Structures are given as C-alpha cells and as structure tokens.
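Q: I would like a close look at a single chain, covering how its parts meet one another and how it meets its partners. Please begin with one of its contacts to another chain.

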Amino acid sequence: MGEELHDIRLSVNGLVREVRVPARRLLSDALRHDLGLTGTHVGCEHGVCGACTVLVDGRPVRSCLMFAVSAVDCSITTVEGLTEPDGSPEGRLSAVQQAFAECHGLQCGFCTPGFLTTITAGLRDNPAPTEDEAREMIAGNLCRCTGYVNIVKSVLRASQIAEERS
Amino acid sequence: MTTKMFGEPVQRVEDQRFLRGQGHYADDLLVGQQVLQAAVLRSPHAHARIVDIDVSEVLDVEGVHLVWTYDDLTGPMAPTMGEPLPLLIPHPQLTHGRTQYALAKDEVNYVGEAIAFVVADDRYLAEDAVGRIRVTYDFLPPVVGIPAARAAEHLVHDDVPGNVAARLEQANGDARAAIAAAPHTLSLDLEVERSASTPLEGRGTVARWDPDTARLTVWTSTQTSTGVRAAVAAKLGMDLGQVEVVTPDVGGGFGVKINHPWPEELLVPLAARTLRRPVKFIEDRREHFVSAAHERGQVHHVEVGYDDDGRVLGLDVQFWHDNGAYTPYGIVLPIITSTQLLGPYKPGAYRVVFESLYTNTVMCTPYRGAGRPQGCFVMERTMDAIAAALGKDRLEVRSANFIQPDEFPYDHGLIFQDGRQLEYDSGDYPASLAKLRELIGWDEFPAFREEMAREGRRVGIGLACYVEGTGVGPYEGAHVHIETSGKVKIATGLTTQGQGHATAFAQIAADALGVPFESVEVVTGDTRRMPYAVGTFASRAAVMSGSAIHLAALRAREKVLRIAAEALEAAEDDLEIVDGVISVKGTPGGTASIDLGTVAVLSNPLRYAFDEASKAATQFTVGDPGKPPVAEDDEPGLEGKDFYSPDRSTFANGMHAVIVETDPDTAEITILKYAVVHDCGRLINPMIVEGQILGGIAQGVGGALYERMAYDESGQLVNASFMDFLMPYVTEIPAHIDIDHLETPSPLNPLGIKGAGEAGVIPSAAVFASAISDAEGFAITAMPISPSELFGLRRTHASAEPVETKERS
Amino acid sequence: MKPAPFAYLRPQGLQHALEALAADPGAKVLAGGQSLVPLLSMRLAAPSTLVDINALPGLDRVWADDDGVHVGALARHADVLASPDVRRVQPLVSQALSQVAHATIRNRGTTVGSIVHADAAAEMPMVITLLGGSVTVASTAGERTIPAEELYAGPLESTLRHDEVAVHATFPALAPGEGVGFAEVARRHGDYALVGVGAVVRIDGDDVVSARAGYLSVSDVPTVVDLTETWGDHDAAAHRALSALDPADDIHATAAYRAHLVRVLTARVLAAAYDDARTRASAGRDRDDG
C-alpha cells in the first residue's frame, strides 16, 4: 500500500508551483528535489546549522523543520530568488550577494545560501546595522570555512551597497 | 602591460555560481532524473559479532530496489568486493594494519559501521526499509579510550595483541643521555581529545552506469578523484578506462574526504551498474558523526632536560595515538605528530616513540592540521613549563631554542610522513616572533592585566609557534589548452573544497601565459580532464598544482612563441605576450602582432575549416609542402602539460597569540584579542590566504574550547548532533583577528610558495592552553577545556597545590 | 534523517482539529514544529497522525491587559518578543525570550508550543511557572485552564491530555513593587542553558517583601524556589535553592559546576531583579510626581 500523496501549491520566488508529495516530505526536500531549487542546502536536518534557511513570508525559517504540506499558505523565497532583475537572463547580484563576493564571505559555498537569505531579511528590518547587530543577525548560522569574520564584513558592506544603489 | 595577477587579492570566480544558488554539490546532481537513493544500516553497537541478518521484511516493500549485506558482495559481479577495503598507506612499522569491509562481514567494531545497504525510490523509503532489517548480535566487550586500549584487557581485533597497530621510534642523538646530563629536567603528561573535520556537507556519492558504452561515471564529494577512480575500478573489476570520477562542488572537506574509498563510494557505483539506474547516497548529519572519521585523540608523556637559558638539551616524547577501529590511512597522523612536534626549535637531542592503538570507535584519518595540533600543543606546553620553572619570559625561552635564519636548510635527522628527510627549507622565526610580540602587545600586557585586576577581572596571554610541512608529494600535474577562441582551459587533477583554486590557479596561469585573467578557466578533480593526480591534503594544492600549472603554462607559452615567431617572421626571444596578443617586444599592438586564438588555429593543421578563422590552418593555405604538416617532434594543438614533483615538502610556519578573559565566578572563557603572524612564502592571493587563516582559527577555537567527541564507555557517541557537538557560531569567534605576514620564499618550487590551508588551526590548543594557564596560575594539560572543566581544575588546585609539572632538580 | 510516514490533517477550524485529535490516540499537534520535527526526522517520535494547527484562525494573537500577557497558540516567539505591550506588562517574558534558541528558530517556533513541550531546559516553561501563569486548553469536551504549577508532570511531560490543544497561555502582569531578572550560562550563544535563573523580587520601600527564583536545566520539571527568607544571605539562598534542585552531570557540565552556577546566577539574578524593582519604583514615583 502506497503512502498518501498530497497535491499542494507552493509559492516560491514569486511563482506558484504544483507538487505532489507525501505529508512527511520536508520543505527542504520539496524545494530541492521536487522543484529543482537546489540552492537551498541541507547541512544537519535538525535545525541547527541554518544552511537550509529560506524566507517564509519574508522571515528566515529553517526549511528542514517544516513540512512542504505545511507551507501551502506561505510565500517562500530561496537563494535563487535573491538576484535582482537587470534585463539579463540571470539578473544582477543583490546587495548581499555582491557584498559576499567583495568581502570573501564564502569559501565552499555550502552554508552561504542560508546566510544570504537570513541577512537579506535582517537588513530589510535593520538597513544600517552596527557591527554587533551584524553579528547578532547571523548568530544562528554555522559556517565551517570562513571563521565568520568576512561574513560580518559582508553584512556591513551589503548595507553600504544597498545604500549606494538606492 | 598585462597586470600581474600573482599576489593580488582577486575576487573569486567561483563565487558567482555559489551566490546564485547554482553550485553543484553531490546532492544537487541528477535532480529530476529519477535517481534512486541509498541508505545504510549501521551498527548500533561498538563491538559485536553478527550472528544473523534478516532482510526478509524489506524485500517486498514497494519502492525498494535492492538490499545488500556482506554475503551479496562475494559473488562474481565484483570479485574483490568481499575483501577488506584498501590499506591506503602501508608502512613497515604498521605491523597490524586492519581495514573494514564495505559491509561488515561477521563483526562490527564501532557504532556506525556499515552492515546493510538499501536502494529505494527515495531516501525516505530507503530509511523505512533500513528500519525493517533485523540483526542478531553477539556482544563483545568494547574498548573505548586510550587507557582502555593500552590496558588491553579486551582486544578490538582478536589477532592484534595489545591493541597495538604500530609502534614507531625515531631519534636524533641520545636524548635520554642528554636529559640525564642536563642541569634541569621536567616531565609532563598531556592529552588532546578527539574532534572531527565536520564539513557542512557530509559525504555523498552519485553514480550512473551507461549500459550502451559499459562505462561508469561517479560523482563523489572527495578530496581525491583519482584515488576513488582507481579503487572503484579495482573493486568493481573494471578497466580504469571504464570509470570516470568527477568531483562536483564540495561543501567542505577539512581532511575527512581524503580517506577513500568509503563503503558507499563502492556500493553506489556497484548498485548503479547492477540496477542500470543512477543511484545516489547522501550521508546525513548523524551518519557523518558515526561513519566518517575523527582525529586528534592522543596522550603524551614528555621528559625534557634544559639549561639555565631554557635551551632544550634533550627531549624524550612517548605518546599513544587512538586510531579508532581501523587503519585505512596508515600511521601518517602519529608520524606527523612525532616529527612536526619540533616546530621551529632545535633540541640538542630528540627521541620519540609512539604506539598507534585500536579502539572500538570511529576510525581516525586526517582532520585539518593532521597530527600537528597535538604536536604543537605538546611542544608549546613544554616551552611554557620550562619558562615557568626558570621564571623566564615565555618568548625568551622560545627564542633560545629557535632555528636561526642562517641555519636553513635545517635537517632534523628524522623521516617525515612522506618517507623523506625532515628538512626545513626556509623561515625566519626570530622575525616572526618580533612581529607577533608587537601585534599582540606582549610587552604592554602586564599593565593591562593589572588594570583588569583592579576591575576584578582575570586575563591571561599565551602564544604558540608551529612549523608545518606543506606540499607533500608525490606529484601533481596540469594540462593547459589554448582554444582557437584564445580562451585558456586548464585542468589539474586534485580537487577543490572551497579554497578558491579556480581563482588562484587562474592567477598563476594568466601571469605565465600573458593572458587576461578572465580568459582562463580552471577545472579540478575531473579524471576525464586530468587522469593523473594525487589529491588535496597537507596544504599541498597551491604548492603542487600551482607549480604544475605554472610549468605547464610555460610549456604552452614556448609553443605559442615558436608558432608566433614563424608567423611573424621574428625571433622567439624578441616576442612577448601581453593580454593574449603576441608581438615584438616594445611594440604592443603593432602590425607585427598575432593573437593567441590565431596561434591556436595555426597550431593544428586542418583539412576541414570550421569557421572563417580556421581557414588559415587548412592544407592549401599553410605549411611547407616539403615537410610533414606536423613535425616529428611536435604534436597538433596548442597545449602544455607538465608535472611537478619536488624532492620534499616545503615548510610554512606561523605564530599565534591570544589574550583571554576567564570569569572568576562562572569560569567562562572569553577571547579578547587574537593575533597571527604567518609565513607561507609568497602569497598568490592574499585575500584567499587570509580567508584560510581566519577559517582555521575558528576551527581551532572550536577544537580548543567547544568541540569534542563524547564517547561513553559502551562506545556510543553521545553527542552525534549539531545540538551537542559544539561547532562555534559567530558568537564564539573573536570579532577581530590581527594578521601579519612574513613572506620567506620557498627555494623548492618555481613560485616560492608554501601551503596555507591548515595553518590557522594548528596552534589553537597550544595557544589557548598557554593563555588560560597564564590567567589561572596553573598549567592546563588537557584540551579542549570547557568552563565546567576549568571550574573543576580551580577546585583541584585550590585544595592542593599541584602537580602538572614536576621540577626534579 | 527523514520522518516515518504519518497521516496529515490541516483543519481550518478548531473544532475539526479537536475531533481529529480525539479520533486518533496516536495523533500529535503540529504548531511551530521546531522541537517536534527534529524528533520526527531522527525517528525518535512517530505519531500516526499530525494535526497541523497552523491554519486555525485567531490563534496567532498576542495581547496584554490588566491581568497580564496573553499569547495565542500560533504566536511565534518572534512576535511575542517584538511586542512592546509584552515588554511593558511582563518584561520577564521578553528577557527570557531573547535567550530562546536563535532568531530563525524564534520566527517559526511558538511560545505556547514551547510551554507545553515541557522541556525543563527551555526558558518558557520556567518563566510561566515562576510567574504563576496558566495555559488554556481545549478539547471536544470543552475548555479548561491549567495553572502553571499543575502543568508539568515530568521530563518532557505536561499534564495536557493527548486530545487537548493548548489555545493560549497567560503570564500575569508585573505587579507594583516588582522587578525581574534573568540570566543563563550556555556553552554557545543560543544553546540550551547549562543553568538558567529567572527571578521576581517585590519590594516595599527598601524592604524585600518577596523573592522567588525559577531554574532551568537543573531539575526534571521547571522549579521555583521562594528565597524571601534568605534575602541578603547568598549562601543560604543557594543552599535553599539547591535543596529543591537536582543538578546532573552531562557531557557539557558536571553536577558540581551546575550547582556552582546555581549559586552564582542566583545571586546575580536576585540582585538584578532587586535593582529592577528599585528602578521601576523610582520611575513610578517620578511619574506620580510628574
């Protein structure tokens, strides 16, 4: 006997996508394997590392701690949805993404999507953070490569870039 | 003039895809292509005989395609799968090397050892199936921890007496006699616990079998694609030419992914070939804790004799290394500890002896630093103990023992991990120490300490020095191909886990060839592009592949100039390449110039033109009709290939210092200031080097103050999650780290570079132990240390003045 | 690490949810899921049905009145923490919430869910116990209000029946003369505390009328100790607290260290609560004077 499947609609990066999933399908898996949005990474599947962080109704949330079926009424943004339209097919890097490139805020890149989504929301709420606030903003995400120093710099630089662009 | 790229903090080219979420890590591959997923039944017991495995409840489960146990691996489909996994690095003293089977044969020796392998439609169903397998065990007493292994009341492997895998002794001079004759002596007992690489991405392997061509493609999150390729071909009974291994983007390695082949790296390809479907295994976090590898656990006993200046006259070190249940990586780790322990110092005489011991725990293979952090901890604790005993400044004692700049090359009279002489190539330790003294504010610290004491606060300062053999052999190679578009494609065989190789290597190639950085593209870890390679470990990528790329690019350049000289009717020596255009020196862009793309066209005599430009190379257009189109000593195409294989390692060095605060009430430990002086020879990309150092320091902070593998006496790893294995967040890492560089070039390679990948993590245990000891007034002898442990030590030391170091004279 | 299969319901009304729970003894409520989902993924729990209450209307409210702070079952920690009313009416709630995990977890995790998850190492069960709050629960049989002191039966065990849903929690308002303090020591910022202490001190002029402290991670259930009589005597206060607590060894800390932290933090938090009471009293006087 097969497992019951649920037909659900997920709103991701501004598009409504239909998928058929069992109830136990984690949102992280649905995004990655059903919708092919593999930019969201899975580092621990118990909500500690933050690599899978996506924006749910604008707020950073661990996608490994949500079921896809539970995300039906939400608007979801993944790392693939962070670039800004500039007429090119790929779009331009957002201020946060650009800052990471400038400040060497990433190495292996695996934790990076979770930082990018988290900081995107963080800077929306607090566009000009102090260094301490920048550290607090990323305090729930693990990175094993960078030692965080350049990520903190990236947060502060992103704030500047956003200011320059506006 | 082409801008010189070497030495510039160029932004990384790989970041564009990572930042857009378009990296391709193992679990991102073949998404949407109905790839099957594997899960593994792992032993819940540390030591047991397997009496029976019952898979009957799994076979008829919908969505399950395959269930294997050991018995399924002994058939004709793969003749050697039933044998133990390879012992990768044999050594004459590894008298009792043991490796596990891809699936446990009749005994399990650690919690996490693979017993059964399931392939299903997806990972959820595969885990359901694993849960239905029933195993009957006959329990055996587990051996956990170095004391239990040494006591050998129980054995991990029946046929390994005393649990001793290897015993190795090395000496330079008569250390015991030197100690006996020394005016002062000390003995120290020191201990470092287990930790692990813990990349954010665990292990992962994907395989696709193409039945039409009988070829296998394996993508695996590894630090050695050529190593995996050779192992897969051998184990699956295939010709090497039938197997390709491609390393996708790798979400961190830090050493653990150099071990190979993991059981899954063989089982996944075998399942793909058997099922004729793509198969994927993605290790989850819990599995990574119990079925990958750990490192670091060692216990040391030190005897040292020294003079009134603190100069070490004799040093005798005995230590015991916990290698876990198996030894696939040989005894490289304790060999590194035993040799690199010496750091920048030159003891009068040295003897070291170690035993590598089996325990019923996850095996130990290199984790960033690879045996060096333990050695550094031991040596630096010894230096601090000597300073304390003599009442001397810790810097003074170190200075008295340094190898001096005019003593290089310096031969320690020992054999290093690569079987070669331990001979340092270059360095300037007094200069490094002078910089560090300044950077941390060593001389101002006493005043700071007093100022803090007035506020009721307790602070301490510590330092640690290390030397790191980097860029070990045997070799790496590079292939440079200049396309008719003028673009330069470079392949090197070692793999990348976030070090920015695509950027740093392109910088080297752009300089060597005289082409724009943007026109260079680097591929790593793809056996289709470069089948000869070793791997990424021991801070060797920049030294080995960097040098190989430089050499291969120079070969390509030679050919460019030869063809261009003919085309321009000029002498090769008169030509230069600037921004991809070859012209007579001093007349850039003049009429007598030719671009690289055209040279590439000319390099390959054609019968068939494929575009306008290529007409220039067709047979009625070009060439001397009296000669063969391709000369006897030449070959078509604009390529360069070369290999770099040095006599021995190059030795980077560095010194770290830290100021910590310890809370007098709660014993919490806070980092107030951290400073680094680092010397890895010439810097290819200082931004990347600093990134490596910063990341290493964070891992070092973790290793010193937070992370440990907590095994209980039954061999259960009780903290196998990110909840309880305490990797630092940003909140645990100092906000500012001061870094200064010294650039003492290596004479061993054409670019003067040394490795930088592991540097940041090596002195951490040592530097924090030094600073905490300084704050507390008693010696820290075991790392890592938590507030709870510091609190316990305070009580011990308050009740009885002790004992870590025994002055015997 | 994938959950075992379960049936899933996402009722649009409370009554439906209650019926679903009543119908399946193996059913569990899914609200924020920040504690539940990891347990499911590790297969440490395998409910037959998950009743997802996230679509229920009206349960996400956070409001304050003279009685105190009221938090609906779907109010996320972040919402409660962001509420100026909560901070004003019962500041201990805000102080403790800022120590709950990390911001991302607080964005999804619910305060009421944390209370009924009954983890004695978590902040909110202790806070509601210390403040003498209550939880209102509903089932097909109707609603009832459980006082906090009757809420916890044992480790990770509340006194809610399996067919009951917690619909809101109430934290009593800070009373005149009261001040609060909260402190914890954790291995990493955002981790469960090795020891955490919250305190409410009430003063009358310079005199301490009442001093109560609540403890995290040093007992099986949230534990509150009345320290009024030991006021001013650190050793006596610590002794009294420890006689009600049961610090244990684990991989992060020894029992002795935890006991020591109880002493240190009790003193610190009582002093902070006293200072807070004084500050509020003088601010109140200033307001009255003005």
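How many residues does the contact take from chain A, and how many from chain C?

A: The model is predicted, so that local features need pLDDT of at least 70 and side-chain atom pairs count only at pLDDT 80 or more, while totals for chains, interfaces and linings use all residues. Residues are numbered from 1 along each chain as its sequence is written, with chains lettered from A and ligands numbered from 1 in the order in which they are written.

The contact takes 23 residues from chain A and 27 residues from chain C, two residues being in contact if their C-beta atoms, placed from the backbone, lie within 7 Å. On the chain A side of this contact with chain C, the element that gives the most is strand 4 of chain A, residues 59-62, which supplies 4 residues; helices (H or I, at least four residues) and strands (E, at least two) are DSSP runs numbered from the N terminus. Sorted by class, the side of chain A that touches chain C holds 8 nonpolar, 8 polar and 7 charged residues, where Ala, Val, Leu, Ile, Met, Phe, Trp, Tyr, Cys and Pro count as nonpolar, Asp, Glu, Lys and Arg as charged, and the others, Gly among them, as polar.

Within the chain, the assignment, automatic or taken from a database, divides chain A into domain 1 (5-81) and domain 2 (95-165). The C-alpha centres of domain 1 of chain A and domain 2 of chain A are 22 Å apart, and 16 residues of domain 1 of chain A are in contact with 11 residues of domain 2 of chain A. On the domain 1 side of this contact in chain A, two or more residues come from each of strand 3 (53-56) and strand 4 of chain A, and strand 3 of chain A gives the most, with 3 residues. That side of domain 1 of chain A is made up of 7 nonpolar, 8 polar and 1 charged residues.

Helix 2 of chain A also packs against helix 5 of chain A: their axes come within 7 Å and cross at roughly 130°, the axes being lines fitted to C-alpha atoms over the stretch in contact, with angles from 0 to 180 degrees between N-to-C directions. Helix 2 of chain A is therefore oblique to helix 5 of chain A, since angles under 35 degrees count as roughly parallel, over 145 as roughly antiparallel, 65 to 115 as roughly perpendicular and the rest as oblique. The residues that meet include A95(A), V96(A), A99(A), F100(A) and C103(A) in helix 2 of chain A, and K153(A), R157(A), A158(A), I161(A) and R165(A) in helix 5 of chain A. Taken as a whole, the residues of this contact between helix 2 and helix 5 of chain A divide into 8 nonpolar, 3 polar and 4 charged.
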